[in-house]
Amino acid sequence: MKWFQTATLGLTLLITAGCATQSHQNAEWLYPPMAVPLQASVQQEVQIARLSQLLQRTDLNDDVRAKMLYERGNYYDSVGLRDLARLDFNQSLSLNPAQPDLFNLLGVYFTQIGEFDAAYDAFDSTLELDPKNSYAARNRAIALYYGDRLDLALEDMNKHFAEDPSDPFRALWLYIIEAERAPEQARTTLLERYHDRDEQWGWVLVAITLGEVSEQQAFKAILAGTRDNTLLAQRLTEAYFYLGKRYQSEGDFASAISLYKLAISFNVYEYVEHRYSFLELSRIYNQVKAEQLAKAKQQAIEATQ
């Protein structure tokens with residue numbers, strides 16, 4: 001999800017789909033459920049052009065220019081022009097460094113490209129300026145997870161989860177981090193929380209992660225309950241990412257890679273699931289490469305004996 005806002009969806013459709021597809025549980029998708037990849041809208045392009053023109057004015061004070069740079073950076077980010085977005089964000093910060101939301105977004109950027117120390121600093125800056133910023137707290141915990149600082153990640157995510165135990169995304173990421181240490185216990189805990197769920201959309205993703213519903217049932221429920229292409233692209237981006245995480249944890253790298261590529265394909269640039277799919281692909285590549293090098297080294301040692 002885009003962790004600057006939250007979305008909800010009733011689980012009734014998921015339950016209905018599960019009942020209606022009992023006789024088809026063994027059926028497989030011939031092709032994966034898809035949405036039309038999102039494209040830059042006329043409004044986004046017009047706003048970028050308008051702001052670019054206004055920023056050429058020499059009579060703007062620093063506060064106004066900082067706000068306009070931040071706004072244009074957000075538009076750049078929403079259409080996938082992340083280097084241009086980061087350039088605008090850095091210029092905006094040079095004019096007004098007291099922008100917690102901007103630091104939070106930069107932290108996500110740094111996490112995506114594996115610059116974890118810079119990410120920690122950015123999230124810390126957000127929380128210094130806005131101690132109640134829950135998105136920065138969650139994003140910092142995730143950055144610590146990707147940076148292999150699991151103790152700190154667990155500390156942050158447990159505190160974040162305790163503030164709102166009904167949030168499925170908090171429960172899901174707490175599970176992902178806990179599973180690095182104790183997978184069986186983490187699964188048992190998440191299953192208990194799933195059984196006490198409310199009607200928020202994110203619990204569908206928890207069900208997919210736990211295998212409480214089949215992939216066919218989950219995707220049919222998503223397709224049946226989503227008529228708008230933009231919303232469908234967003235929901236599928238989330239579903240494919242967390243399903244990819246499940247397969248990756250099971251050691252099925254081929255399926256995980258395919259799912260991460262699907263999560264990327266919808267162009268939902270603002271969602272962390274889109275951003276972190278690139279990071280997950282890099283992690284799989286590095287892991288496989290390390291395993292192959294270790295195997296080759298072992299074979300070389302055995303050949304000399």
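**Helices, caps and salt bridges**

Me: On the other side of α2 in this predicted model, V42 and Q53 are exposed (exposed is over 50% relative accessible area, buried under 20%, partly exposed in between; 1.4 Å probe, protein chains only). Which residues of α2 are buried?

Reply: Helix α2 spans residues 42-54 (helices are DSSP runs of H or I with at least four residues, numbered from the N terminus). Down the axis of α2, its buried residues lie within an arc of 100°, so they line one face of the helix; the arc is taken from the directions from the helix axis to the C-beta atoms. Part of their cover is α3 (62-78). The buried residues of α2 are Q44, Q47, I48 and L51.

Me: Over which residues does pLDDT stay under 50?

Reply: Residues are numbered from 1 along each chain as its sequence is written, and side-chain values use heavy atoms, without hydrogens and water. The chain has a mean pLDDT of 90, and 90% of its residues reach 70 or more. The stretch under 50 is residues 4-27.

Me: How many residues of α7 are buried?

Reply: Helix α7, residues 134-146, reaches 19 Å from its first C-alpha to its last, close to the expected 18 Å (1.5 Å times one less than the number of residues). Its buried residues pack against helices including α5 (100-112), α6 (116-129) and α15 (272-304); contact means heavy atoms within 4.5 Å. Helix α7 is largely enclosed by the rest of the structure, because the buried count among its 13 residues is eleven.

Me: Which residue caps the N-terminal end of α7?

Reply: The cap is a side-chain oxygen that lies 3.2 Å from the backbone nitrogen of Y135. A polar contact is a pair of N or O atoms within 3.5 Å; within protein, one must be able to donate a hydrogen and the other to accept it, and residues adjacent in sequence count only if both atoms are side-chain atoms. The capping residue is N133.

Me: Is D148 buried or exposed?

Reply: D148 is in the loop between α7 and α8. Its phi is positive, about 60°, although D148 is not a glycine. At 62% relative accessibility, D148 counts as exposed.

Me: With which residue does R149 form a salt bridge?

Reply: A salt bridge is a side-chain nitrogen of Lys or Arg within 4 Å of a carboxyl oxygen of Asp or Glu. In the pair that includes R149, the closest N and O atoms are 3.4 Å apart. R149 lies in the loop between α7 and α8 and its partner in helix α6, so the pair ties together parts 32 residues apart in sequence. The partner of R149 is D117.

Me: Is R246 buried or exposed?

Reply: R246 forms a salt bridge with E215, with the closest N and O atoms 3.2 Å apart. E215 lies in helix α12 (residues 215-224) and R246 in helix α13. At 16% relative accessibility, R246 counts as buried.

Notes
Predicted model: local features only at pLDDT ≥ 70, side-chain atom pairs only at ≥ 80, totals over all residues. Helix = DSSP H or I, 4+ residues; strand = E, 2+ residues; numbered from the N terminus. pLDDT = per-residue confidence, 0-100.
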